[in-house]
Number of protein chains: 2
Amino acid sequence: MTSRIIVTYHVTAPADAIEARARGIAVEQSVEMPVEAVTDQRVLDEIVGEVRDITELSRGLYEVTLGLATETVGLEAGQLLNMIYGNTSIQPDTVLVDAIFPPEILEAFGGPRHGIQGLRDRVGVPDRALTCSALKPQGLPVPGLADLAYRFALGGLDFIKDDHGLANQHYSPYAERVPVIAAAVRRASAETGVPTRYIPSLTGDLDQLREQMRIARAEGLDCVMIQPMIAGLPAMHTLVRENPEVAFFTHPTMTGAARIDPPFLHGSLFRLMGGDAVIYTNHGGRFAFTRETCVTLGQHATRPWGALKPALPVPAGGMTLDRVPEMIECYGTDVMLLIGGGLLLARERLVEETRTFCDHVAALSADAAPPPAAVAD
Amino acid sequence: MTSRIIVTYHVTAPADAIEARARGIAVEQSVEMPVEAVTDQRVLDEIVGEVRDITELSRGLYEVTLGLATETVGLEAGQLLNMIYGNTSIQPDTVLVDAIFPPEILEAFGGPRHGIQGLRDRVGVPDRALTCSALKPQGLPVPGLADLAYRFALGGLDFIKDDHGLANQHYSPYAERVPVIAAAVRRASAETGVPTRYIPSLTGDLDQLREQMRIARAEGLDCVMIQPMIAGLPAMHTLVRENPEVAFFTHPTMTGAARIDPPFLHGSLFRLMGGDAVIYTNHGGRFAFTRETCVTLGQHATRPWGALKPALPVPAGGMTLDRVPEMIECYGTDVMLLIGGGLLLARERLVEETRTFCDHVAALSADAAPPPAAVAD
């Protein structure tokens, strides 16, 4: 018995074509050549993808389940993505929905090094929903960003992250920005007693990511944000492996719309690669995810999954103070509520608005019902 | 006047909502916060994205053109993608169609180091269409792949590439595979007199890409293939910059279906990052691109564009010998015809079938009409 990754796709096809289409995907995602031209018996037996199941979901829409040989992945992050979706991503009739990975994949990639508990420990919050905001807009010089961070921290936030647009631009270069913001947050923490964490956004190639990580760690920071679909999963996973003491937030930029089912991409794949907290676009904000997608995403991120720690769901993208009750009801308290622009609109009242946000989250968490049940893989 | 990247999207929206939606994208792709909360005048004037134009293409479909501040890119490859599409990729109503980059972007990224002429020089072919095939299936041990390469080269191919599924798996690890295949191709070249080039596929993080590049160069290889959307544009561009003597082939895996218009992604973005030859899925094969998309893609790859060299179009994905006349008619002779499985089906007659392919391409190229006119940017 060869080890297989069980991968599920949704495929649009006529009823009389779906079997051939399923076999086509199985071949595309394995040997990528006509099977009748494969001369090696071991390849035919152990490498060619297998169609495990085809289920009609609705007229013309099928759930196709394949078994893809684990050894084709070579335990490398980029190649994992290449084998489970790769060329098939170019086809308009397919969506990658889910994958069940064998134990050797879970062990090799390892998942979150800290997960929900590790993030809670950092800020000394055992059970309530966590709070976060973002430093914006890009273009603001470093002192302006640091002042914003100081005031957010005075307001009592648990976490403050860089906007994902903050990279290494001349107006706020990373090496200058991060130490000044870290110092501003430390100063505020000394006043409030809240161990607020600053999360810098790491960008660029692996050399630059490593240098930015070095700067972050030199400032005593123990959380960073990365953009997996821009940095590349290989770079992300290497950084996770090299920095087991650091908690990683994943940012959803360039994840595309619904070609990879968001619960799988954020809740499983980014978690598998070591994402401790997964930021995604919440329903009812600026983005189009449904409530059901978001709830399922949260469940994927936190469900029991081998020895992997749960990752913290961070719904975001146009959230406002008045969404807090509904978000805690939706996700329970194992969640981080991220409000950016909605707080920044308070302008000179930023500290007070942030404090209201934090108090609100604490009060509602105390009354919250238990989170929705997670489904084991 | 601040320098702007002019980015075009196709957006689906009701007529009474398109103006607000266009402004929404301009904000998302710049400051990502409510504009009324931006307190810094310079940010308002020079960083916030501008809506330049909105044109109705058909009922409910609009072409939206934005001006995004060049300085937000910080001349970094990943951040370029982040700013021109990033979060907006998560929206189902948008397609990234095109971008006009200012001169400083073209200079910073530099485009192909070799382009069409550099690839022609490598194999001593001044004008006819070039030929290529792929080493498959993955799972075949190294001697089998080397034997295949030897026979392809005996058949007289210009280029032989690794299948993009060949990574660093235990059954054909890169460090073992590449020297043996390179030697097999050299041996065949000595017999045929054809300077056939072997193109290994580089995978993994930047450390692994560099090590694989070192091995390739130690074997005297001067062409490699990379998967930009898996390795990440930052890693790709760093590798291009560090190896100006090497020609880069880009592979389309994980490019997704039509969320970024293929002519822009392959013909402009991959070219900008240094792709000398861009492999894409041709119409009428296993993939769904239309003939028009493919022709436009080829024109984007080769059109006059600042000081950037033209990149060679490599249509592929289920091509067969009988497609050769139509492909040369479609693309002219500045093209590389890549037939993989279609040759492998010949099995023990592989050398003869490859020779037929090469002879066919040479004969048809001699009679070919000039390529379709390129459109300057």
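Predicted model: local features only at pLDDT ≥ 70, side-chain atom pairs only at ≥ 80, totals over all residues.
How many salt bridges does the rule find across the interface of chain B and chain A?

1. **Salt bridges between the chains.** The answer is eight salt bridges across the interface of chain B and chain A.

2. **Who takes part.** Several helices of chain B each put at least two residues into the side that touches chain A: α2 (41-47), α3 (77-84), α8 (206-218), α9 (228-231), α10 (233-242) and α14 (341-344). Of the elements on this side, α10(B) gives the most, with six residues. Sorted by class, the side of chain B that touches chain A has 33 nonpolar, 28 polar and 17 charged residues.

3. **The extent of the chain pairing.** The contact takes in 78 residues from chain B and 78 residues from chain A. About 6100 Å² of area is buried between the two chains, and carbon and sulfur atoms give 57% of that. On the chain B side, Glu32(B), Ile90(B) and Met254(B) lose the most area to chain A, together 11% of what that side buries.

4. **Two domains in chain A.** Now for the inside of a single chain. Chain A splits into domain 1 (4-109) and domain 2 (115-367), and the C-alpha centres of these two domains lie 33 Å apart. In the contact between them, 22 residues of domain 1 of chain A meet 18 residues of domain 2 of chain A. The area buried between domain 1 and domain 2 of chain A is about 1500 Å², with 69% of it from carbon and sulfur atoms. Three residues stand out here: Leu81(A), Leu106(A) and Phe109(A) supply 33% of the area that domain 1 of chain A buries against domain 2 of chain A, more than any other three residues.

5. **What the domain contact is made of.** How many salt bridges are counted between domain 1 of chain A and domain 2 of chain A? The count is zero, and the rule finds two residue pairs in polar contact across this interface, both residues at pLDDT 80 or more. On the domain 1 side of chain A, α3 (77-84), β4 (94-100) and α4 (103-109) each supply at least two of the residues that touch domain 2. The largest share, six residues, comes from β4(A). By class, this side of domain 1 of chain A has 15 nonpolar, five polar and two charged residues.

6. **A covered helix in chain B.** Have a look at α11 (residues 262-272) of chain B, where 11 of its 11 residues are buried. The buried residues include Phe264(B), His266(B) and Arg271(B). After α11(B) comes Gly274(B), whose phi is positive, near 115°.

7. **One residue up close.** Val361(B) is found in helix α15 (residues 350-367) of chain B. Is Val361(B) buried or exposed? Its relative accessibility is 0%, so Val361(B) counts as buried. Beyond its neighbours within four places in sequence, Val361(B) is in contact with Ala129(B), Thr131(B), Val324(B), Ile328(B) and Leu337(B). Val361(B) and Arg128(B) are 233 residues apart in sequence, but 7.6 Å apart in space, C-alpha to C-alpha.

Definitions and conventions
Residues numbered from 1 in each chain as written. Chains lettered and ligands numbered in written order. Heavy atoms only, no water. Domains from an automatic or database assignment. Contact = heavy atoms within 4.5 Å. Buried area = accessible area lost by both parts, 1.4 Å probe. Salt bridge = Lys/Arg side-chain N within 4 Å of Asp/Glu carboxyl O. Polar contact = N/O pair within 3.5 Å; in protein donor to acceptor, adjacent residues only side chain to side chain. Helix = DSSP H or I, 4+ residues; strand = E, 2+ residues; numbered from the N terminus. Nonpolar A, V, L, I, M, F, W, Y, C, P; charged D, E, K, R; others polar. Buried < 20%, exposed > 50% of the residue type's maximum accessible area, 1.4 Å probe, protein only.
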